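Here are a few notes to read alongside the structure.

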Amino acid sequence: MRFVLRLLLTIAVALGIGFGLSHFALTDGRFFGGNSIGPWVAWPDAGTPQPNPYTRAHLVREAALQMGRAEGLQFIATTDSEGRPLDRVCSYRLVGHVPVSSFWTLVAIDENWINLAAPDAEPAMRSSEVVRDNNGAINVAVSTTLESGTWLEITGEGPFSLALSLYDTTAFSGLGAGNDTMPVILRRACR
């Protein structure tokens, strides 16, 4: 009887660990094919003809259209730079530099990849609209309430993610300086 209980317990622990690691690999993936810079995670193999098995599983799970490697790279952030989940009850600031790219867009999305832009607002922030400081750094507000400066207005309540799509980028290519830096996400006031 003891042997059977130990065997069942061992099987339960093994299944729990196996399913837990699989879920982690397919959602966060920082150790299994995803590359991270601060809170931002990208899957560089997503646009290649032969992605690694973890990237392929991630693509199937997300069911989102991916850019080809020559087209660009998309980074997703679900937390601020201190590791706290992004929530629409708080306002945030993205401060810093974006990797070298011809063009980029910033979009706030929910867990179903639905755009959270306010009804009368632009659906995405474009690099051509952002005011930069003297050394090229951005300072973008993301919130449901009015903010000064460059502002991505979102609507609703609950958790959200930020998707930063870099088009024609050299990020992760090793070409040039400054390609491994991303803006920090600072949490400001919360309602």
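Buried means under 20% relative accessible area, exposed over 50%, and partly exposed in between (1.4 Å probe, protein chains only). This is a predicted model, where local features need pLDDT of at least 70, side-chain atom pairs count only at pLDDT 80 or more, and totals for chains, interfaces and linings use all residues. Residues are numbered from 1 along each chain as its sequence is written, and side-chain values use heavy atoms, with hydrogens and water left out.

1. Let's start with the rings. Two aromatic pairs turn up in a search of the whole structure (ring centres of Phe, Tyr or the six-membered ring of Trp within 6.5 Å; planes under 30 degrees apart are stacked, over 60 edge-to-face, the rest tilted). Tyr-92 and Phe-160 are edge-to-face, because their planes meet at 70°, with the centres 5.8 Å apart. Both Tyr-92 and Phe-160 are buried.

2. The other rings to look at are Phe-103 and Tyr-167, a tilted pair with 6.2 Å between centres and 40° between planes. Phe-103 is partly exposed at 30% relative accessibility, and Tyr-167 is partly exposed at 29%.

3. Now for the cysteines. The whole structure holds one disulfide (cysteine sulfur atoms within 2.5 Å), joining Cys-90 to Cys-190 with S to S at 1.9 Å. This link is right-handed, with 100° about the S-S bond. Cys-90 is buried at 6% relative accessible area, whereas Cys-190 is partly exposed at 39%.

4. Finally, do look at Leu-162. Its contacts (heavy atoms within 4.5 Å) include Trp-40, Phe-75, Leu-106 and Val-142, not counting residues up to four places away in sequence.
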